[in-house]
Amino acid sequence: MRALWRRLSAAWRADAAAFASAVFAVLMLGLFPLYVDRAGYSEMTAAKRSCFLFCCALYGLMLVAAALYNRRQGKLRRALCCLGQPAAACLLLFGLFACLSWLTAPQRAAFTAADGLFYQLLLLASALVLAYCGRWQQGYLTVAATAMLLTSLLAVLQLAGGNPFGLYPPGRGYADGGLYYVGSFLGTVGNIDLLASYSCLILPLLLFGAPLLPWRRRWLLYLAAASGLAVMLASGVSAGPLAVALTCCLFGPLSLPPRWRRRLWLAAAFLLSLLLIAAWLYDGAETGMFWELSRLLHGEVNDSFGSSRVLIWRDALDDAEGMRRWLLGSGPGTRALHFSTLFERVSAAGVPLRAYVTNAHSQYLDLLLENGLAGLLCYLAALVAAAWRCRRRLVVDPALRALAAGLFAYLLQGAFLSAYILTAPLFWLLFGLLLAYLRSCALPQPAV
């Protein structure tokens with residue numbers, strides 16, 4: 001215990017701000033995905049929001065203490081240089097347009113509304129502060145793997161019919177989703193779509209980050225990734241496994257010599273072509289993702305495609321207020337105002353189920369509706385700027401490849417899922433660590 005205390009004290013004395021950032025990253029990667037309260041799934045969003053606010057408050061207090069303890073000349077100048085990087089500058093513009101959108105909104109949401117301006121600015125601030133103060137550490141992989149493994153073990157018990165920690169209502173379980181209540185809930189993140197979003201962010205991070213660790217420590221990462229993938233497949237979510245597969249096909253060959261890399265990419269393109277041809281010729285059961293792909297290739301678009309996402313997207317784009325305010329949007333926290341779709345049915349158990357649409361089931365469309373075209377373009381510009389800086393170093397840097405792969409899979413799956421407070425803080429955490437890593441590393445620029 002004394003040895004641990006001495007190491008922590010030495011880390012604080014060496015760079016107090018970096019130590020505070022490490023504590024914040026460990027809490028977010030380890031505690032945040034696992035945190036639940038007694039209300040279970042019914043109050044999962046409020047529980048995650050409280051956990052995120054606690055972590056941010058602790059981080060802020062530690063940064064204030066670090067500023068008082070560890071004053072250095074030139075620190076402000078280096079901070080301004082960090083914020084002047086293209087990706088960070090685009091994030092600052094995104095925050096500025098979010099404020100303008102909120103101030104000019106005709107139906108302004110409360111400042112602290114769910115997914116409103118306060119939380120958007122807090123997420124941005126966490127990423128920007130980490131970009132300046134944070135440092136990538138291999139220990140984050142072990143923390144993320146432990147959290148993934150624990151939530152996957154809980155999900156396995158739930159799939160087997162159990163109700164550990166009473167997350168479901170008394171007498172209910174996973175199999176009752178769609179029968180006695182709307183949605184299917186699994187693990188410690190929320191519904192199965194949100195669990196898949198979390199898995200898309202963490203699985204590639206573990207798979208591509210495992211080579212950074214010694215052999216005796218890699219087994220935990222591979223075990224956690226395998227269990228997370230198995231749970232995601234068992235839940236029946238389509239977008240998550242597809243995003244992870246595409247990410248592995250794109251990033252996997254980067255660690256190989258150029259000749260083998262090109263061959264694998266050509267093989268992947270060939271297999272994709274065969275898949276599209278098979279989908280074009282498909283004449284089987286008229287259900288499932290493969291049949292929907294076949295109909296799309298034939299130019300047919302049905303509102304029921306993608307679990308009725310086509311209907312939801314049309315409802316969002318047909319909204320007069322959203323199209324009238326296309327530049328700045330309707331303001332953060334107002335996404336629910338754009339929808340009038342209501343799903344009603346009677347389940348096989350005879351229970352009437354009703355669900356109002358409150359988001360576009362696409363984080364990019366939600367950004368367009370709430371933050372307008374200006375906000376969406378700034379967000380995309382930040383991603384493109386970061387990707388441009390990563391493009392050559394991905395070949396020689398496995399740590400950068402692991403961070404980029406997790407973010408890429410999350411962004412792919414984000415086309416079919418809204419960014420909630422339940423998973424969005426982890427994305428901004430990894431994005432901030434990616435910017436911090438790009439700022440600190442000084443690797444050569446090899447030819448690809």
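Start by selecting R391 and W388. The charged end of R391 sits over the ring of W388, 3.8 Å from its centre. Keep in mind that this is a predicted model.

Now move to R218 and W215. Here the charged end of R218 sits over the ring of W215, and the distance to the ring centre is 4.1 Å.

Next, turn to the aromatic rings. The structure holds 16 aromatic pairs. W102 has 15% relative accessibility, so W102 counts as buried. F111 has 35%, so F111 counts as partly exposed.

Stay with aromatics and select a group. Pick F94, Y364, Y379, Y410, F427, W428 and F431 together. These residues form one aromatic cluster.

Last, the cysteines. How many disulfides does the structure hold? The number is zero. To see why at one site, select C249 and C248. The closest cysteine sulfur to that of C249 is in C248, and the two sulfurs are 7.1 Å apart, which is too far for a bond. A disulfide needs the sulfur atoms within 2.5 Å.

Is C249 buried or partly exposed? C249 counts as partly exposed, because its relative accessibility is 41%. Finish at C99. This cysteine is also partly exposed, with a relative accessible area of 25%.

Technical notes. Residues numbered from 1 in each chain as written. Predicted model: local features only at pLDDT ≥ 70, side-chain atom pairs only at ≥ 80, totals over all residues. Heavy atoms only, no water. Phe/Tyr/Trp six-rings, centres within 6.5 Å; stacked < 30°, edge-to-face > 60°. Buried < 20%, exposed > 50% of the residue type's maximum accessible area, 1.4 Å probe, protein only. Lys NZ or Arg CZ within 6 Å of the ring centre and 35° of its normal.
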